[in-house]
Structure formats: structure tokens, C-alpha cells
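Let's take a walk through this protein together. Have the sequence and the model open as you read.

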Amino acid sequence: MKWTEDRSGNVEDRRGGGAGGGLLGGGLVSLIIAAVVFFLGGDPSAILSSGSTSSGFQTEQRELTAQEQQVGEFISMLTVENEQTWDAIFKQNGMQYQPAKVVLFTDVTQSGCGTAQAAMGPFYCPVDQAVYMDMSFFNELESRFGAQVTEFSVAYVLAHEMGHHVQNLLGTLGETEKLRRSGNYSETEMNKVSVATELQADFYAGLWSRYTDQREKFLEPGDIEAAINAAEAVGDDNIMNRSQGYVNQESFTHGSSAQRKEWFLKGYNSGDIRQGNTFDQLLR
Ligand SMILES: [Zn+2]
């Protein structure tokens with residue numbers, strides 16, 4: 001992908017210490033909170049155990065390396081491209097877009113949804129409307145989940161998380177949370193709701209790629225393939241196969257590799273936000 005000109009003012013870089021670190025109380029608070037955090041495909045159990053496993057505060061401060069600074073700039077560029085694209089899509093539909101914050105951190109940091117840990121993978125916290133990302137996730141994506149990581153893999157991951165922010169602004173996350181709190185649905189049923197939520201975030205990531213390319217002409221050969229490759233790598237079947245050696249479809253929370261590819265491509269190829277009703281299609 002080609003780098004574009006603008007940079008966002010909504011990226012908070014906590015790498016290198018400083019504002020990072022610190023712990024929230026564990027226990028029940030984290031239990032409730034874990035239900036409202038939206039992961040890319042990482043391990044939500046990490047947030048449940050975060051009260052006891054993280055050992056402390058990042059007190060040490062250091063300068064970021066030149067490479068880390070470049071990564072920060074790259075994320076800032078992707079963030080502004082998300083802001084500009086979604087601002088335009090919201091306007092086309094007579095709505096006002098509110099940008100999300102992006103927090104870059106190393107190892108552990110505080111979020112509005114409890115302690116954020118690298119092991120959880122990137123996630124969106126609706127409480128403080130922020131995406132939390134430790135860049136070491138992309139090494140995992142390659143070594144554990146078999147993706148070939150390029151710049152556009154990172155773009156896909158951030159766009160997926162921004163998709164959850166869009167769902168938050170549109171009230172979709174609030175609706176799913178209501179279903180969960182009602183207690184009327186079994187775990188298997190709520191897993192299906194989760195899959196629909198996650199596949200819609202993939203659809204939004206595809207839609208973002210399409211719109212942003214129309215404005216910036218930033219896509220290069222191989223970029224869409226890289227996004228698809230990352231989406232497939234974080235499919236539930238791939239993650240389960242690699243971590244436990246078997247697949248249990250009832251416990252899918254994000255969708256299979258094939259579904260994640262399908263919905264990303266649907267967003268990219270249609271360029272039409274109305275085609276993204278995963279709930280109607282998957283929950284009937
Ligand atoms: Zn997600």
C-alpha cells in the first residue's frame with residue numbers, strides 16, 4: 001500500500017512507558033467488562049485473569065526506536081484514513097461520525113474495559129471508544145496463526161477494530177449487549193450473535209478498503225490478498241486447529257476463515273453499507 005499524507009491526532013502512544021501500566025481491580029468488574037470488549041480473534045480469557053497475572057506498573061521510560069516511531073506514524077496515517085472514510089460514509093447517510101481513539105501500548109496498559117494485555121490481541125473498548133493495540137500481535141499472527149504479515153495486514157486489523165467503533169456509534173453493540181444481559185439466550189446462541197458482530201466488522205473493513213482506495217488510490221497489488229490472508233488466519237477454525245488441534249463450531253465467536261474472507265470481500269466488492277447486515281443473514 002502507498003502511504004498517504006495526513007496524520008491523525010487521535011493516536012495515543014503509550015509505548016516506552018509513561019502513561020502505560022497500572023492495574024484495575026480484578027474479579028467481578030473484569031467479568032462484566034470482558035463481555036463488552038470486542039476482539040479480533042484473540043483470547044478474551046486474558047482479560048479475566050488480568051487482575052492476578054500482570055505483575056505491575058511500567059515505571060521505566062525510554063525513547064522509542066526509529067522503527068517504533070515509524071510504526072506510530074503508520075498507525076496515525078491509517079487512523080486518519082479511517083476517520084476520513086467513515087466521516088464521508090456517515091455524512092452520505094445523514095449522520096455525524098465521531099472518531100475513535102487508538103492506543104498503542106507494550107505488554108500491559110489500562111483501558112476503559114479493564115487491563116489491556118498484549119496476549120489479548122487488538123481489541124475495541126466501547127466504554128472509552130478506543131482501539132487498543134500492542135504491535136507484537138503481528139508477530140503472533142505470523143508465527144502462531146500462519147499469516148503473511150504486510151502493511152495492509154495491519155490496515156485490515158485496525159479497520160476491523162474501527163468497524164466495531166462504527167457498530168458502537170450505530171447502536172449495534174448496544175443491541176447485542178441488551179441480548180446478552182437479558183439472559184434469554186444460551187451461550188451457543190450468544191456465540192452466533194458474536195459471530196455476526198465480528199463478521200460485520202470484517203465487512204466494514206472491506207468497505208473501508210474500497211472507499212479509501214477510491215479517495216486515495218492507496219492499494220497496490222497484493223494488498224487485498226494480504227487482508228484476506230490475515231482475516232483467514234484469525235478465523236475460529238484456524239485458531240482452534242492450531243491451538244487445540246480440533247474445531248468446535250458451536251464455540252465459534254468470530255466466524256470461520258471462509259466466512260471472514262467472504263464478508264471482508266463482500267464489503268470490498270459491494271461498496272454498499274446496506275449489504276452488511278450479517279445479523280439478518282446469520283441469525284435467521
Ligand atoms: Zn472483532
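Which strands does helix H4 (residues 66-92) lie across? Helix H4 lies across E1 and strand E3 (101-104), and runs at about 160° to E1. For such angles, axes are lines fitted to C-alpha atoms (for helices, over the stretch in contact), and values run from 0 to 180 degrees between N-to-C directions.

Before going further, a word on what you're looking at. This is a predicted model, where local features need pLDDT of at least 70 and side-chain atom pairs count only at pLDDT 80 or more, while totals for chains, interfaces and linings use all residues. Residues are numbered from 1 along each chain as its sequence is written.

**The whole chain**

The chain has 12 helices and seven strands. Helices (H or I, at least four residues) and strands (E, at least two) are DSSP runs, numbered from the N terminus. Of the 284 residues, 43% count as buried. Buried is when 20 or more other C-beta atoms lie within 10 Å of a residue's own; exposed is 12 or fewer, partly exposed is in between, and the C-beta atoms are placed from the backbone. Take the contacts with a separation of 6 or more: 77% of them are between residues 24 or more positions apart. A contact here is two C-beta atoms, placed from the backbone, within 7 Å.

**The sheet**

Five strands make an open sheet with mixed pairing, in the order E1-E3-E7-E6-E2. Strand E1 (11-13) and strand E2 (38-39) stand at the edges with a single partner strand each, so one side of each has no neighbour in the sheet. Strands count as paired if DSSP finds at least two bridges between them. Here are some of the pairs:

| Pair | Direction | Bridges |
|---|---|---|
| E1 and E3 | parallel | three |
| E3 and E7 | parallel | four |
| E2 and E6 | antiparallel | two |

You can follow Val-103 through two pairings: Glu-12 stands opposite Val-103 in E3, and the bridge partner of Val-103 in E7 is Tyr-132. Elsewhere, Phe-38 stands opposite Tyr-124 in E6. Another helix to look for is H6 (residues 151-170), which lies across E2, E6 and E7 and runs at about 25° to E6.

**The core**

Which residues touch the most other members of the largest nonpolar core? They are Val-131 and Ala-230, in a core of 65 residues. Helix H8 (residues 187-216) gives the most to this core, with 10 residues. A nonpolar core is a set of buried Ala, Val, Leu, Ile, Met, Phe, Trp, Tyr and Cys residues joined through C-beta atoms within 7 Å. Neighbours within four places in sequence aside, Val-131 has contacts that include Val-103, Tyr-124, Leu-158 and Met-162.

**A loop and a helix**

Now find Val-127, in the loop between strand E6 (123-125) and strand E7 (130-133). Is Val-127 buried or partly exposed? Val-127 counts as partly exposed because there are 13 C-beta neighbours inside 10 Å. Not counting residues up to four places away in sequence, Val-127 touches Gly-112 and Cys-113.

Last stop: helix H10 (residues 236-244), whose buried residues are Asp-236, Asp-237 and Ile-239. They cover an arc of only 165° around the axis, so they sit on the same side of H10; the arc is that of the directions from the helix axis to the C-beta atoms. Helix H11 (257-270) is included in what covers them. Just after H10, Gly-245 takes a positive phi of about 85°.
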